Amino acid sequence: MSSGSYQPVSNGSSANLHAPVDHDEVRNTQFYTPETQPLELHQDDLPSGADAPRFMGAARYDDNRNSYASSKGSEPTVVAVDYNGSSDKLNRTSRGFYGLDDDYSQRDVGDAADEPVYNEKRGAFAPMGGKSRWRIIIGSILALAIVVIAVVVPVYFAVVKPKQNHTTSNNSASGAAADPPDSSASDSGSNQSSNTPSSRVVISGGDGSTVTMDDGSTFTYSNPHGGIWYYDPANPTVSGARPQSWTPALNETFKYGVDPIRGVNLGGWLVLEPFIVPALYEKYVNTSNPAVDEWDLSERLAADNALGELEEHYKTFITEKDFAEIAAAGLNFVRIPIPYWAIEVRENEPFLPKTSWTYFLKAIEWARKYGLRINLDLHALPGSQNGWNHSSRLGKINVLYGPMGIANAQRSLDYIRIIAEFISRPEYKDVIPLFGITNEPFGPTIGKDIIQRYYLQSYNIVRNASGTGEGNGPWVVFHDAFLGLDNWSDFLRNADRTQLDIHQYLCFNGQSADGYAERVKASQPCDAWAAGQNRSMNNFGMTHVGEWSLGINDCGLYLNGVNLGARYDGTFKSGNFPYVGDCTEYTDYTKYDDKWKQNMKKFALQSMSALQNWFFWTWKIGNSTVSGRPESPAWSYQLGLQEGWMPTDPRESEGACDNSEPFSGSLKAWMTGGAGAGQIAATVQAALAWPPPSLTNVADTAAIPQYTQTGSLIKLPTPTITAVSGSSTSTVSVGNWNNPSDTASMWVPIATCGYLDPWMGPDASPDPCPAASAASTNARREYVPRAYITPAPVRGA
């Protein structure tokens with residue numbers, strides 16, 4: 001292959017190259033998120049430089065689904081009381097915040113960390129024999145000195161004391177390990193104790209130390225990069241852990257633009273995708289009506305009285321050990337997708353409500369313990385922002401588009417507000433510094449102006465909750481909406497702490513026979529991505545890549561959607577894609593040889609170097625029930641570490657793209673919450689006023705349904721946190737609403753209006769308030785799953 005610009009060996013198909021007449025009728029899917037339209041990819045839909053959707057698949061029904069999209073743990077102890085009845089069994093009132101018994105501090109420290117230093121401590125205070133008085137005194141002093149040096153000093157310098165080259169964060173709890181025993185975490189709430197604390201024992205450790213998990217079981221922490229796990233039983237909301245020696249601890253300032261983001265997604269955990277968790281979908285795949293998205297899966301499981309399988313998935317797919325492994329892999333961030341139904345469901349929406357929020361609370365706990373920062377991403381909106389299967393329901397776009405476009409957006413903005421109020425609280429701001437307000441809204445259909453209005457309104461909502469300036473709530477993350485980085489270069493100048501997110505994939509374009517070796521030789525990732533990232537860092541400001549993978553073709557079980565096949569091997573159900581090669585060469589990783597893995601690793605290093613600040617998609621791919629192994633191996637960071645094609649230290653990527661210079665400038669003060677932050681020009685605010693007077697396919701938004709702001713306010717439940725200090729225990733009070741002045745009601749249906757289905761599609765009647773029939777009124781009652789039997793398997797399917 002040529003060592004110049006990458007020239008793939010194409011399959012020659014032009015099936016995905018013609019321009020559509022209507023963006024909604026035929027949408028592009030080669031950006032990066034499966035499932036778009038009868039499976040013809042339309043590159044011409046997207047502006048130059050725009051990124052391609054993650055997955056591409058075919059809809060089931062031509063009438064209302066003309067788009068496509070992609071596709072043993074510990075028991076919880078942090079439980080939101082009275083938030084989800086199905087999780088009542090998870091309450092453990094007798095256990096501490098991290099799964100420790102309430103009388104943990106009465107046990108020997110060695111039970112928590114069986115290290116030589118603690119054995120030495122026990123020996124130092126053991127009864128002594130009849131020695132002379134001065135020998136007893138000297139021996140005691142020496143023993144005490146050993147304890148001080150071996151225990152206090154390492155904890156102080158490795159965990160508590162900020163590194164000299166990093167600034168301590170605004171959280172006053174950041175130095176809590178050195179605070180007086182009666183101090184509490186910042187202004188996180190009251191700490192009602194049954195007794196006056198007599199001591200504070202800080203529990204921490206590095207490589208080789210013993211960790212006690214939520215369920216009381218232990219494991220040996222393995223982190224070759226100098227990472228320190230940390231928690232303080234007397235004040236569990238204090239942050240002090242460090243994932244690696246080179247990454248700022250949670251109680252230190254992460255310098256965006258200087259400290260690189262090296263993260264991984266926890267995809268498929270709280271928002272299900274068929275290709276990530278195929279086993280859940282394989283149960284129904286050979287029926288006459290297979291489940292193709294979480295909506296379908298929830299309906300099938302409910303009908304089979306098996307919704308408990310979803311909670312079992314939440315409990316086991318990602319556990320505390322995963323967070324420890326992620327830190328040990330040299331990574332410092334996790335991007336966690338959550339759905340709107342983590343907050344509530346309405347009408348006939350079949351999703352398991354609120355339960356996933358309980359597990360996100362556990363993610364906060366684990367991230368704090370291992371020093372990982374969270375990029376919280378609102379991944380699925382009511383009505384769907386892109387029509388793909390991970391956006392709530394496979395079908396058409398109904399957010400900011402069509403007759404329910406404004407109503408669904410009003411509801412989505414409420415959810416953004418509720419989340420923002422929660423994560424802006426002082427006890428969470430160190431752990432959740434990034435908030436992706438909406439994942440992958442499809443800009444080519446919705447329109448740039450409408451997306452920008454929605455983004456500005458979301459930004460204003462977040463800043464109303466958090467306040468302005470460094471340390472006040474999260475950075476606001478905007479996805480590029482498939483419009484390309486250059487289209488955002490001047491967006492919201494002087495906004496306070498915003499980041500631009502783009503998702504970069506190379507696998508959903510025209511298929512190529514080139515393998516990893518040819519692509520590495522041609523420096524394909526470097527040529528494709530590096531210059532654009534540098535340019536956006538200089539023009540927009542902080543830019544990261546929220547998703548990328550090692551996929552170089554669309555091979556993978558359900559990668560394009562359930563039962564849709566792949567373009568690479570000619571089995572794709574829609575479009576004319578000739579055979580290029582055998583997918584099993586890529587899906588069966590047990591047959592990879594050392595040379596193959598070496599080239600995969602080089603491809604990964606080039607990608608990391610070009611992207612600079614990134615989140616790999618995804619940490620884990622579940623096993624197929626048929627083959628017993630992950631069948632999309634190029635998408636699993638964890639599997640790549642285990643099998644040797646992912647680097648154990650991502651710093652190896654530095655300099656891998658020798659034909660490009662990574663961003664080495666500095667972000668302007670207003671970009672990072674400094675001088676001038678939050679001073680968006682009044683003319684910009686006026687030009688992008690909310691709500692928009694029209695939508696791409698709606699001439700007058702006043703003529704379509706809208707909600708009324710009269711609903712009861714929802715506040716997310718907080719975890720039940722038990723602090724342990726000496727022989728006493730106490731309940732730590734944490735908040736869930738940062739701005740007490742933010743008291744506006746929620747957007748809800750007008751009681752006298754018979755609204756359209758939120759997923760109705762763009763062609764439904766635009767009547768702003770249809771007559772409320774008995775049927776429409778009943779439809780807004782609490783959802784009760786429809787009872788029907790799972791269809792019998794289709795033989796030969």
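**Figure 1. What covers the buried residues of helix 12.** Strand 11 (498–503), helix 11 (516–521), strand 12 and helix 14 (594–611) are among the elements that cover the buried residues of helix 12. Here, contact means heavy atoms within 4.5 Å, and buried means under 20% relative accessible area, with exposed over 50% and partly exposed in between (1.4 Å probe, protein chains only). Helices (H or I, at least four residues) and strands (E, at least two) are DSSP runs, numbered from the N terminus. This is a predicted model, in which local features need pLDDT of at least 70 and side-chain atom pairs count only at pLDDT 80 or more, while totals for chains, interfaces and linings use all residues. Residues are numbered from 1 along each chain as its sequence is written, and side-chain values use heavy atoms, with hydrogens and water left out.

**Figure 2. A walk along helix 12.** The buried residues of helix 12 include Gln-524, Pro-525, Cys-526, Trp-529 and Ala-530. Further along helix 12, Gly-532, Gln-533, Asn-534, Ser-536 and Met-537 are buried too. Look for a kink of about 30° in helix 12, centred on Ala-530; the bend at a residue is the angle between axes fitted to the seven residues ending there and the seven starting there. Just after helix 12 comes Gly-541, with a positive phi of about 125°.

**Figure 3. The disulfide of Cys-526 and Cys-657.** A disulfide is a pair of cysteine sulfur atoms within 2.5 Å, and the structure holds three of them. In this view Cys-526 is joined to Cys-657, with 2.0 Å from S to S. The pair links distant parts of the chain, 131 residues apart: Cys-526 sits in helix 12 (residues 524–539), and Cys-657 in the loop between helix 15 (637–643) and helix 16 (682–687). The torsion about the S-S bond of Cys-526 and Cys-657 is about -80°, so this disulfide is left-handed. Both Cys-526 and Cys-657 are buried.

Figure 4. Cys-555 and Cys-583 are joined at 2.0 Å from S to S. Both cysteines lie in the loop between strand 12 (543–547) and helix 13 (584–587), so the pair ties together parts that are 28 residues apart in sequence. The link of Cys-555 and Cys-583 is left-handed, with -75° about the S-S bond, and both of these residues are buried. What about Cys-507, and which cysteine sulfur is closest to its sulfur? That sulfur belongs to Cys-555, at 9.8 Å, too far for a bond. Cys-507 is itself buried, with a relative accessible area of 1%.

**Figure 5. The disulfide of Cys-753 and Cys-769.** An S to S distance of 1.8 Å joins Cys-753 to Cys-769. The torsion about the S-S bond of Cys-753 and Cys-769 is about -105°, so the disulfide is left-handed. To put the links together, number the bonded cysteines in sequence order, and the pairing reads 1-4, 2-3, 5-6.

**Figure 6. Inside the largest nonpolar core.** A nonpolar core is a set of buried Ala, Val, Leu, Ile, Met, Phe, Trp, Tyr and Cys residues joined through side-chain atoms within 4.5 Å. Of the 162 residues in the largest one, Trp-269, Phe-323, Ile-336, Phe-360 and Leu-550 touch the most other members. Helix 8 (residues 405–423) gives the largest share of this core, 10 residues. Not counting residues up to four places away in sequence, Leu-550 touches Tyr-516, Met-600, Phe-603, Ala-604, Phe-616, Ala-634, Trp-645 and Met-646.

**Figure 7. Ile-423 in helix 8.** Ile-423 is found in helix 8 and is buried, with a relative accessible area of 0%. Leaving out residues up to four places away in sequence, Ile-423 touches Leu-376, Tyr-428, Lys-429, Ile-432, Phe-435 and Pro-474. Ser-466 is 43 residues from Ile-423 in sequence, and their C-alpha atoms are 8.6 Å apart in space.
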